[in-house]
Amino acid sequence: MEMESKVYLLDYGAGNVRSLINAVDKLGFKIQPITCIEDFDKADKIIFPGVGNFGKAMQSLRSLGYFDALLNYLRKDGKFFGICVGMQCLFEGSDEAQEEGAQGLGLIPGRVTKFDCSTRSVPHMGWNKVFLHKTDASGNSTPYGIDFKNHYYFVHSYRVTPSTDNSDWMLGSTLYGEDRFISTIQKGNILGVQFHPEKSGQAGLRLLASFLSDDCWLKGPCRTLEPEIPTDKDFLTKRIVACLDVRANDQGDLVVTKGDQYDVREEGQVRNLGKPIALAKQYYEEGADEIAFLNITSFRSCPLQDQPMLEVLQGASLEVFVPLTVGGGIRDIANPDGSVTPASEVAGAYFRAGADKVSIGSDAVDAAEAYWKCKKLTGSTPIETIARSYGSQAVVVSIDPRRVYVTDPKETEHHTIATAQPGPQGEKFCWFQCTSQGGRTGRDLDVVQLAIACQKMGAGELMINSIDRDGTGLGFDLELIQQVRENTSLPLVASSGAGCSAHFQQVFSLNPPPEAALAAGIFHRKSLPLPVLKSELVAMGLEVRSN
């Protein structure tokens, strides 16, 4: 009887590895964590899902005593799969970590460098394609099932540029704007990808299954391809995010709800649009590119061990293999014994439960106000501490602005625009005031100030809501999104106001457009089902994920 291969997980303690474990389990395989140096000798296969910061990953490998053990395993041609930073660590070093002792494993020539944020949003975040540079000797088989017709989920700020020194390692490359980078490496039994297969839907699961089952091309003769790589086409898809507002109803059950102008009650009861996990699975199967859970109830202030959102994430990550974002309650939390759990530890618990990103709202406004007051970073805000530990791509800032109209820009020191939507008294100018507490409290801060401060603090993405458009079905506030776009290089998620597919086309027609658009009520009420929206966007000529 053939013995089952021993698959080990190399987890250095940062980011979401639960989704990978769940994906491996979903495929019928078992994976166990490396807990000591001796495990490297026992392993038939090792998966290194490097999430977060390159420097922290390398320092952790050294402190755990795993650096030399992993290098020896690789030199013996052990079967290895490096994901994201797990692939980057195979190179000589990274500009993300220039401190002493943060060099990479040095197995592959080349250095990891940062994308140019002057031409594109950074991080590179979303679903993109892979151009293959190798195939089997016949030219008929694609290694590991990687196929150009599929999209894969990327989220990173640093990449490796192809060169003659590393060309024999490059299996695939990807375009981001005019920047071409190595997105897949392979030689012998060593495989690495810059994207996240465990977050790439069915295409990613096929890749994982191929590696785990050895049903893939690993060695032997190969054929080099010279793919035609156009520079005038953007293969990064327009992401559609399904948002689930989660709260407890009057009976204490968690439900997905939706407010009209933030009022979630209907005939005296909390509006119940479904169960969070079941609805998330449904939207995943219908083609959602990302699922966002927003905690809008009082339990966001409970001790961490009593947070029911952890259970929601754990359940959703068993069945949903696209990125999961969670918002609400990501802050310092007071415990019954008087101790405080820092925001970075709260975020860590959510990552371990299955989240890929955490969304911060009111605390980001507080931190931005403090930044502009002294014009310097403190290093202690939730944005900074979470980004430092888990990478900027793990931090989303949710902005809830509303319009404040003025007759003349000189009436305010805030960043104004000339608006095509005049105010109640015919005012032709406005500024976008940031709010907190779910839009209930206006602050002396505008969206431009908030966006700039959050980017400096290390946020990786901005979710742009609109108090004025929420629940109206009138379309996204294009002027709001355009103003934020012009003042930050961070990826943007447009939110609030979507009522039909034309609204998505409008927001994606901005120049430059947001990377994603979010909706809730139109999906929950089935006034615009996800599959219908995606098919209509394809018909409009937009790049949309279909696999």
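Visitor: Which residues are buried in helix 7?
Guide: In this predicted model, helix 7 covers residues 276–286, and its buried residues are Pro276, Leu279, Ala280, Tyr283 and Tyr284.

Visitor: Why do they end up on the same side of helix 7?
Guide: Those residues cover an arc of only 140° around the axis, which puts them on the same side of helix 7. In general, an α-helix has 3.6 residues a turn, so residues three or four places apart point the same way.

Visitor: What follows helix 7?
Guide: Gly287 follows, with a positive phi near 110°.

Visitor: Is Cys84 buried or exposed?
Guide: Cys84 counts as buried, because its relative accessibility is 6%, and the cut-off for buried is under 20%.

Visitor: And what is the phi of Ser496?
Guide: Ser496 is not a glycine either, yet its phi is positive, about 80°. Ser496 sits in the loop between strand 31 (492–494) and helix 14, and it is buried, with a relative accessible area of 9%.

Visitor: Changing topic: what is the peptide bond from Val122 to Pro123?
Guide: That bond is cis, with omega near 10°. Pro123 is found in the loop between strand 6 (108–114) and strand 7 (124–128).

Visitor: What joins Asn511 and Pro512?
Guide: A cis peptide bond joins them, with omega about -5°. Pro512 lies in the loop that runs between helix 14 (501–508) and strand 32 (516–519).

Conventions. Residues are numbered from 1 along each chain as its sequence is written. This is a predicted model: local features need pLDDT of at least 70, side-chain atom pairs count only at pLDDT 80 or more; totals for chains, interfaces and linings use all residues. Side-chain values use heavy atoms; hydrogens and water are left out. Buried means under 20% relative accessible area, exposed over 50%, partly exposed in between (1.4 Å probe, protein chains only). Helices (H or I, at least four residues) and strands (E, at least two) are DSSP runs, numbered from the N terminus. The arc is that of the directions from the helix axis to the C-beta atoms.
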